[in-house]
Amino acid sequence: MDWLVFFIGLFSGFLLYGVLSSLMDVGRIGLYIREVEKNALVMLATVAESVAFIQSIKYKTMKEMGTPEHTIQATKNIDDYNFVAWKNAAVSKLLAAYPAKYKSLKRYVDWKTAMDLLDKVYMKGHKE
C-alpha cells in the first residue's frame with residue numbers, strides 16, 4: 001500500500017510539473033512576442049521616417065531643378081499613395097506573422113493604430 005501511494009504521488013508530481021511548466025512557457029513566449037512586436041514596430045517607424053525624409057529631399061531637389069509644379073504635385077500624389085500602401089502592407093505582414101496560438105495578442109489593425117500603440121509603449125517607458 002505504501003508503494004502504491006508513493007507511485008501515485010510521484011506520478012501526480014510529474015503531471016503537475018508538466019502542466020505548470022507548460023503554462024509558464026506560454027507566458028514567456030507571449031512576453032517574447034510582445035517584445036518582438038515592439039521592436040518590429042520601432043524598425044517600421046524608423047524606415048517610414050527615413051522614407052519621408054528622402055521624399056522631402058526629392059521634392060526640394062525637383063523644385064530647385066525647375067521641375068514644373070504640376071509634375072512635383074503628381075509625383076507627391078503617387079508617392080503618398082505608394083507610401084500609405086507600403087505602411088498598410090507592412091503592418092498586415094507583421095500581423096500575418098503571428099503564431100496562430102497568439103493571434104489574440106494583436107492590439108492594432110493598421111498603421112495608425114500601430115503607431116498609437118508604439119507611442120503608448122514609449123510613454124510608459126518601454127514597459128509594455
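Colleague: How many residues apart are D116 and K112 in helix α3, and about how many helical turns separate them?

Modeller: A helix here is a DSSP run of H or I with at least four residues, numbered from the N terminus. D116 and K112 are four residues apart in helix α3, so about one helical turn separates them. Please keep in mind that this is a predicted model, where local features need pLDDT of at least 70, side-chain atom pairs count only at pLDDT 80 or more, and totals for chains, interfaces and linings use all residues. Residues are numbered from 1 along each chain as its sequence is written, and side-chain values use heavy atoms, with hydrogens and water left out.

Colleague: What do the side chains of D116 and K112 meet in?

Modeller: A salt bridge means a side-chain nitrogen of Lys or Arg within 4 Å of a carboxyl oxygen of Asp or Glu. For D116 and K112, the N to O distance is 3.3 Å, and they meet in a salt bridge. The whole structure has five salt bridges.

Colleague: Which part of the chain does R107 lie in, and which helix holds its partner E37?

Modeller: The side chains of R107 and E37 form a salt bridge at 2.5 Å, N to O. This pair links distant parts of the chain: R107 sits in the loop between α2 (69–96) and α3 (111–123), while E37 is in helix α1, 70 residues apart.

Colleague: Is E37 buried or exposed?

Modeller: Buried means under 20% relative accessible area, exposed means over 50%, and partly exposed lies in between (1.4 Å probe, protein chains only). E37 has 3% relative accessibility, so E37 counts as buried. R107, at 26%, counts as partly exposed, and K112, at 55%, counts as exposed.

Technical notes. Helices (H or I, at least four residues) and strands (E, at least two) are DSSP runs, numbered from the N terminus.
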